[in-house]
Structure formats: structure tokens, C-alpha cells
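Let's walk through this model together, one part after another. Have the sequence and the coordinates open as you read.

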Amino acid sequence: MSVANCSQFLNQLEQWMEGQRPPDAQSHLRSCPTCQGLVEDLSSIEQTARSMGATETAPPDRLWASLRAQLEQEGIIRTEAHGWIQGVIHWFDGVLSAVPRPALAGAYLVALVGISLALAGPGYRRSNWNDNATRPLSAQLEAEQDTLAGVASDPAVTASLEKNLAIVDNYIALCEKSVQEDPENEIARDYLYGAYQQKAELLAEMSERGAGQ
Amino acid sequence: MERLTHRIGGCVPTGSVARARRTETTGEIPESESIRLAQRGDAAAFERLYQQHSRRVYSLCLRMVGNTAEAEDLTQEAFLQLFRKISTFRGESAFSTWLHRLAVNVVLMKLRKKSGKETSLEQVTEPDDEAGGPRRDFGAADLKLTGSLDRVNLQRAVDQLPPGYRAVFVLHDVQGYEHNEIAEIMGCSIGNSKSQLHKARMRLRELLHEEIREKAREERRAAGSASNSED
Amino acid sequence: MTAQTQPPLGIPRSWKTASVLLPCLVLMSAGPALGDRIERHFKVESHPIVTIHNPTGTVTVRAWTKAEVLVIAKRATDRVEVDTEQNANRVEISTRQIPDNASPNDLRADFEINVPEDTELQIHDDSGGVNVSNVLGDMNVETIGAEVALEDTAGFLSVNTVDGGFQCSRCAGRIEAHSISGNFRFAEMRSYHVHAQTSEGNIFFSGEFFPSGIYQLKNYSGVIEVRFQPGDSFDISATSLKGKVNNEAKLTPSSHHHSLRGVGNALFGSMNTGRAKVELSSFDGTINILKRD
């Protein structure tokens, strides 16, 4: 559309301000002081606004304090009661920061793989089996278990998680006994490894629920 | 009271925003890590996210509402909504875009309440001509803004804009968002964003010209009173 | 009502007022509103993604023919808030609980959701129940104690529970199911790959064994029961470390029972031409390979 008058220029003004400069619009602008004034005004507004945006104002410090208090009251921020667990989680997370959820279970699995490789290694003999093979992980899992009891907000969910933790512990005990009796029994080792894996995933689940609820 | 955060209106965002307005790290901890830890309730992670984004959000709220007390309330409300929902963030869009969308929604709802009307998001971005559409009025050539325009009177004029115009203008011209980002934040089309920006600027020009005319009238009145008293 | 207005029929004004106020006072003292219903519609294109995060309450998902996601939520009290959000072709539904000394029943929200049949679903529900029917997209379901029931579904189905049971009827595609004490029941199955593991729960399987299909059922204790038809074709290995293996299938070789190093039982063999692969494993439970009725 050719621009012969101010009304037509006005119709194209939005595109002009976005940088489109058709020759006929330029020609009109050269000869029309009114439209020149309009374009200069809009440019001044744009530039002044940009200068406003160059500085950002920080909110007062009390805003974070107030926000944090509200988040703690709603349970969105976990309190220091689980600080130890948080420390453990951070340590594992540092080991496997790229592992998708459950990150904790993935971290435990790294330890489990190490143990299972030790259990499954060639020439593994009965005399090699002792509690030292699984003691570090077992102790770690038990310690976390003690701290995690009752973290979920729903009592039914808490009870379910605790009940199933006991079930898995029972299987771990049974599998450990089997492996002790017959260390070369691959099936027993496979079940023991699986039981540890389940426990790790369950503890990770309990930990996340305690954090997120 | 029912709390709904679904987007009103038919505008659908055109995709995630790739722009990074600032580096996404605070110290040595990437923002994605802070988000992940915050999703597990870590207080330090929440604080990091707050410190990283609070200036921008507060500045946005301040420019939208024009006073510090309301801006503080709105900033707190925006972060509260964000942190309550953080467990649902799955990374489809940039975290900052998500946050600013929440903040703009919070501000627009506040402005709607203040205006006393229940309006949809579409309505606040498409005001009718009587409510504030720009008139096709050039004004006099001698009322150029250049030289008389500063941040103070521009902010005063922005405070008089309808909410939808105000939001797009502040996001684009003041805070520097691109139209595709504004479209995602506001839940409208890119074309809509451009159109609203143009209308906002035209309306601001009218408001600023009116202020200049009013100032000139007052000066004339003052000069007239002074000459009468001398007589 | 002005000072000159007279109530009809000579009824004292104070009685009229009381007759209006009293029910209101009773309702106000009854506590937060129950059965609050929320309905939302979302237009979607093909293969939408719907995510539901609902800690307490039921989630029922059905397929329909519309290019739309319909969400109907019923919440018990205002202590639970329902959020819905659409980003392009993704619809996110979540509930947020405000505990504040509320009982679990106060925090309950039940959902009924209609989706296009090619929808991908991600569902998280701790306690309540999850029911999905006729949805053919991939699915990921995680619960603690909520029971999961899928009917006429397909795609890649991943189900994880702690002690919630899982029932799957006429399901196709690929299925991965894990639980600690939940029971699994697979009936009239049309799946080419089933991997199901539960520690203390029972596993029941009945359905088609597709050529090159893989069917792995594993538990620590409890019963694993597989039903077959005479025309089925599969290779089978069934192992129970400390329990029993009972078999009615005609396998070749015919006498193929093994005693595992003096402990437990194992069974290996082929039914007909052995085209599918069936692996049954238990620590100290019982494995039954039985004819279908």
C-alpha cells in the first residue's frame, strides 16, 4: 500500500516502529513534520523506557524472611529435623548429579553394584563371605531408616512405607543367610542384590516424601 | 476458595523460550540443580532461586503497580505461588519464563480487582476503544516529548494505562522481553503482543501530551493571576 | 425492605428472619464445604500428554473420541487445592494439600478425566486408586498404597507401587510392574512383553503368549500362577530357591525337573515349538503352571 497521506502512514506505523521502512513511508515522513513528531515521540518513549529497565530494584530483605516463614509453615521448606538426611542426600547427589529420579536410588545402586561385583567375582569362596562385604551399605541404609521413620504427612502412607520397609528387611535377612550358607549360589546373590535395591528405592521414596510434602 | 491457575482465553503458547536473560548459575550451582533441590524442600535452594530472580520480579511488579508496598506484596505472592508449585515444574519452558508468567498473572489479577471489574485475560489485553484504545489523533507538532520526557512522568503515564497495555509495555520496552517471550508469558499470540505494545505507546503519548498541555494551562493561569495582582 | 413493608399473612418479621438465618447458621457450623466440583476443558492435538499428581484420592481416566481433555475434580474440603495448567499439548493436573491439622480425608480429591485414546499418561497417586481404560498411549503410574486397574490399554506401561495391587485386563503393548507387597493380576493379556516383580505379593498371569514375546514374573514369597492353553507355544524356566514348582504343562523334554544344588526346585522345557519365553522365579514361594479353565 503506498503512503500518500498521514492516515495511511498511521496505518503502517506499527510496522515502522518494528523496523520496516518501505520507501513510500520514508518519502512521506521526510515531507511531513506531524508524522515526524509522532515517530520521534514514540521513539522517545521507547528509549526512556529502556533507561528505566537498565536499573533493577532489589526488594527489601524482610521479604525473603517473610516468604521463608510462610514456606516453612506450609511445609514446603523442610526444617532442620531432617538436616542429617539432607546432608547424606547431598553427598549421594554429588556423586550422581545427572542420574534421573530416583537420584538417591541411583546413588545407592552404585554402591550395590560394587558389592554385587564383589559377591559375584570369580573364585569367590565361602571363606570370603563375611558381613564386611555389605556392612557399610547395610549400616548406611539402617541409619537412614531410623531417621526417616514417620516423615510422610499422611499416617496411612507412613504406615505403608514402614511396613514395607520391614518386609524388605526381612528378605534381606533371609537372602543374606542363604548367601552365607552357599556363597556361590548366584540366584541367592541375585535376590540379595534385588532386596538391597528395593530398600534403597524405598528409602529414596520416603526421603523425597518427607521433603516434598 | 478455589484456586485455579489455568490460563483463561484461547491463546496457546508457541513453545518454550530459549532466551537466557542472565547466566543460569548462582556461584557454582546451576539453576537446574537448585530447582531439583528445591523440589525436595531444601531451604538454601529456595533462597538461591529467590535471590536470582527477585530483583527482576520485584522491578516488574513495581513498574506495573507504581508503589513499593503493593510491589512487595505482589512479589511475595508470585514467589509463594511459584514455590508451592515447584514440584510440578518439568522444564518444558525456561524457569524464568514460568516465574514471570506467574508474576504477570498475579499482577494482572490484582489490577483487575482494583479496577472493580471481573475481566478475563483476553479483555485486559484487548480493551475497547472507550476504555483506552488510542485515538487517531496526532496532536500538535509543537508538543514533542523529546526534552520533556523523563522516567518520572513516563512512570506516571504508565500507571494510567489499562492493565493489559501496561503489562506488555513494561515487559517489552522496560524489561526488554521479546514478543515471543511475552506471548508465552501472557498466553497470547505474538501478533497480539505487538499490537498491544503499539497501542500502549500511542496511549502513553496521548497521556504525556495531556500532561504537557495541563502544565502549560497551569503556567498560563499562574501568569494571569500574577499580572492581575500587579494591576 | 422498608419500614413500611409488612410481612404477608401476619407472620412476625422476626420469625421470618429467623427462618432464613437458622438454616444458614446450621450450614455454616457444619464445617468446610464437601463435594466441591471443578470442571475444566482443554483442547489438544494428537498424542497429548496428561500428568496427574494427586496424593490422596482416586484418579479415573477414560478415553473418548473428542480432541479434548476433560477434567472433573471433586475435592473434599478447601484444604486441598486443584491446579490445572496447559502448555501447548501438555495438560498438568495437580493437587496441593494444606495440612494444617487436617485429616487425610479432608485432603482428598477425586478425579474423572476423559482423554483422547492416544494420550500419554503420567499418574502419581499415593492412596486412593487409579483406574484407566481404553487409553492406548504410554503410561507411567506410581503409587504407594493405591490400587491400580488398567483395562484395554496399550503402549509402554510402567507401574510402580509399594503395596498397592495392580490389575491389568486385556492390555497390550509392553508392561513393567514393580511392587513390594502388592499383588499382580494379569488377565486376558495381549502383551508381547511383561516384566512383573513383587516381593511379598502374588502374581497371576493368563493370556496370550506371542511369538518372540517375553514374560518374566518374579517374587520373593507368595504364589506365582501362570495359566496356559494347549495351543500355546513357549520356552519356560521356573525356579524357586526354597519353594515348590507345580506343573501341568506338557513340556519337552518330559522329565526336566532339577533340584537346585539340593535346595529348591527348577523346571525347564518347551511347550509346543517354544516360540515365546517365560521366566518364573521365586525365592521361597510357590510356582504353579496350570491349564486354563
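Helices (H or I, at least four residues) and strands (E, at least two) are DSSP runs, numbered from the N terminus.

Before going further, a word on conventions. This is a predicted model, in which local features need pLDDT of at least 70 and side-chain atom pairs count only at pLDDT 80 or more, while totals for chains, interfaces and linings use all residues. Residues are numbered from 1 along each chain as its sequence is written, and chains are lettered from A and ligands numbered from 1 in the order in which they are written.

Now look at chain A as a whole. Chain A has nine helices and zero strands, and along the sequence its pattern reads α-α-α-α-α-α-α-α-α. Of its 213 residues, 36% count as buried; a residue is buried if 20 or more other C-beta atoms lie within 10 Å of its own, exposed if 12 or fewer, and partly exposed in between, with C-beta atoms placed from the backbone. Among the contacts in chain A with a separation of 6 or more, 58% are between residues 24 or more positions apart.

Two packed helices are described by the angle between their axes and the distance between the axes. For helix 2 (residues 43–65) and helix 7 (residues 163–174) of chain B, the axes come within 10 Å and cross at roughly 130 degrees. These axes are lines fitted to C-alpha atoms, for helices over the stretch in contact, and the angles run from 0 to 180 degrees between N-to-C directions. Helix 2 and helix 7 of chain B are therefore oblique to each other, given that angles under 35 degrees count as roughly parallel, over 145 as roughly antiparallel, 65 to 115 as roughly perpendicular and the rest as oblique. Which residues do the meeting between helix 2 and helix 7 of chain B? From helix 2 they are B:Leu60, B:Arg63 and B:Met64, and from helix 7 they are B:Arg166, B:Ala167, B:Val170 and B:Val174. By class, the residues of this contact are five nonpolar, no polar and two charged.

Chain C also touches chain A, with 20 residues of chain C in contact with 21 residues of chain A. The chain C side of that meeting divides into 10 nonpolar, six polar and four charged residues. Chain C itself has one helix and 24 strands, and 45% of its 293 residues count as buried. Residues 24 or more positions apart make up 47% of the contacts in chain C with a separation of 6 or more.

Strand 8 (residues 120–125) of chain C is a handy way into the strands. Five of its six residues are buried, so strand 8 of chain C is largely enclosed by the rest of the structure. Strand 8 of chain C pairs in the parallel sense with strand 2 (residues 49–53) of chain C over five bridges, and two strands count as paired if DSSP finds at least two bridges between them. In that pairing, C:Ile52 has C:Ile123 in strand 8 as its bridge partner. Strand 8 of chain C also runs parallel to strand 10 of chain C, joined by five bridges, and here C:Leu121 has C:Met139 in strand 10 as its bridge partner.

Strand 9 of chain C, in turn, is joined by five bridges to strand 11 (residues 147–151) of chain C, and the two run parallel. C:Ser133 is partnered there by C:Glu151 in strand 11. Strand 11 of chain C pairs in the parallel sense with strand 13 (residues 166–169) of chain C over four bridges, where C:Val148 stands opposite C:Phe166.

Finally, visit a loop. C:Asn134 sits in the loop between strand 9 (127–133) and strand 10 (139–143) of chain C, and its phi is near 65 degrees, a positive value in a residue other than glycine. Is C:Asn134 buried or partly exposed? With 16 C-beta neighbours inside 10 Å, C:Asn134 counts as partly exposed.

How values were computed: Two residues are in contact if their C-beta atoms, placed from the backbone, lie within 7 Å. Ala, Val, Leu, Ile, Met, Phe, Trp, Tyr, Cys and Pro count as nonpolar, Asp, Glu, Lys and Arg as charged, and the others, Gly among them, as polar.
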